[in-house]
Amino acid sequence: MAIPAAPEPLDGLMTDPYGTYAHLRESAPVRRIAGPDGTPAWLVTRYADVRAALTDPRLSVDKRHALPGSYRGFSLPPALDANMLNMDPPDHTRIRRLVVKAFTKHRVESLRAPVRRTADELLDAIEGTARGEGTGRADLVAAYATPLPVITICDLLGVPADHRRDFTDWTDALIAPDPAKPDRAKETVVEMLGFYTALIADKRERPGEDLLSDLIAVRDDGDRLSEDELTSLAFLLHFAGYENAVQLIGNAALALLRHPEQLAALRADPARLPGAVEEFMRYDTSAVFSIRRFAREDVTIGGVRVQAGETVFLGLGSAGRDPDRFADPDRLDLDRDASGHLALGHGIHHCVGAPLARLELTTAIGALLERFPDLALGVPESELRWRPSIRARGLLALPVVF
């Protein structure tokens, strides 16, 4: 059955996302929208519905369940598409088990000191540049929030330092395509596939003390990752490990600058930082939606009938601002118990890199507050610009003075 024509895209998701979510939760909590490419999908916005849908086995992430003409997500070659975000059990279970064997708590914890060292080096560079220019100004997105996750994920995967710039350019080309370069996304996919193929071949010949080398070697009862699964997993870890962390750091820094009383309280008591990190993710998450789902069968969500094969977006950002779950949700409150937020997903597709995301955000914000006791926005809020994407919420730049 063909899907009826979708309504116009919800422009408010770009210009006023949280106001738009509030309106939708009240008026149409399960609403037909146009996806990023204009094809139809459903958007779910209430916390209870989103959380339930994240664990509903009738909603699949496997594109083979998609109805023709519905939104399907990125178009990738098989060597990059065989990742956990496109798989249901039992394939998802098998690959996640292999990943967890290599991506251990010990490995993440071993990154704490290097991440802090990188943060301090970046802040040293910001201070040095400001001193040389005599300005006391910086763009925290370009000089801090972007390079910190890039360096971290490259070191984690064992990527040579001279390819860090490539990682940034590739991710930006896929997340926020330049309308003036319509072929750039396809070119990016080709470049990434070539890079990962060569990197894995090199790691197989000369394994190192890195996650990618361990993923090549990891086994479970004789099972191991196939070549396509390896390249797809490297792509996924890079993409998610960089993109989400960049925007979480920028969004958290902005949240504090907009709430100086909260900033002062956190600086006075850094022990509150782990709880504050959960509130940052609830308050302004980078992952606007979960990975798209496809209904395996007709299913009712929030009283609305979704037909088999139709695409469903689960509003993680909206769920974090639902007053039925979080009291006074539009207020940043670092003393709030924000546990239960869905910023990193829920259920079997809960972010495998969640411990790393928390470590990076905690370290980045902690080091920033220690270094600059008088940090403030460098422009009026009205001049801030957000990335042109409804997939991921993040600033293009965050000018500050100190």
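**Entry 1: an arginine in a loop**

I began with R336, whose side chain makes a polar contact with the side chain of E279, at 3.1 Å. I remind myself that this is a predicted model. The side chain of R336 also reaches the backbone oxygen of R331, at 2.9 Å.

Where does R336 sit? I found R336 in the loop between helix 16 (316-319) and helix 17 (354-371).

Is R336 buried or exposed? Its relative accessibility is 12%, so R336 counts as buried. The cut-off I used for buried is under 20%.

I then listed what R336 touches, leaving out residues up to four places away in sequence. The list is E279, R282, F326, A327, D328, P329 and R331.

D328 is not a glycine, yet its phi is positive, about 45°. Most residues other than glycine have a negative phi. I located D328 in the loop between helix 16 and helix 17. With 45% relative accessibility, D328 counts as partly exposed.

A cis peptide bond joins P89 and P90, with omega about 10°. Most peptide bonds are trans. I placed P90 in the loop between helix 4 (78-81) and helix 5 (91-102). The other spot is G158, which follows helix 9 and has a positive phi, near 80°.

**Entry 2: a covered helix**

How many residues of helix 9 are buried? I looked at residues 147-157 and found 10 of the 11 buried, so I call helix 9 mostly covered. Among the buried ones are P147, L148, I151, C154 and L157.

Next I took helix 15 (residues 273-283) and helix 17. They pack at an angle of about 110°, and their axes are 10 Å apart. That angle makes helix 15 roughly perpendicular to helix 17.

Which residues make the contact? From helix 15 I noted L273, V277, E278, F280 and M281. From helix 17 I noted R358, L361, T362, I365 and G366. By class, I get 6 nonpolar, 2 polar and 2 charged residues in this contact.

In what order do the 5 strands of the open sheet come? I read 1-2-8-5-3, with mixed pairing. Strand 1 (30-34) and strand 3 (59-60) stand at the edges. Each has a single partner strand, so one side of each is left without a neighbour in the sheet.

Helix 3 (residues 47-54) packs on the sheet. I saw helix 3 touch strand 2, strand 3, strand 5 and strand 8. The direction of helix 3 makes about 120° with that of strand 8.

I finished with strand 8 (residues 311-314). T311 and F313 point one way, while V312 and L314 point the other way. All of these residues are buried.

Strand 5 (residues 293-295) pairs with strand 8 in the antiparallel sense, over 2 bridges. I traced the bridge partners in strand 8: T311 for F294, and V312 for R293.

Technical notes:
Residues numbered from 1 in each chain as written. Predicted model: local features only at pLDDT ≥ 70, side-chain atom pairs only at ≥ 80, totals over all residues. Heavy atoms only, no water. Buried < 20%, exposed > 50% of the residue type's maximum accessible area, 1.4 Å probe, protein only. Helix = DSSP H or I, 4+ residues; strand = E, 2+ residues; numbered from the N terminus. Pairing = 2+ DSSP bridges. Polar contact = N/O pair within 3.5 Å; in protein donor to acceptor, adjacent residues only side chain to side chain. Contact = heavy atoms within 4.5 Å. Axes fitted to C-alpha atoms, helices over the stretch in contact; angles between N-to-C directions. Parallel < 35°, antiparallel > 145°, perpendicular 65-115°, else oblique. Nonpolar A, V, L, I, M, F, W, Y, C, P; charged D, E, K, R; others polar.
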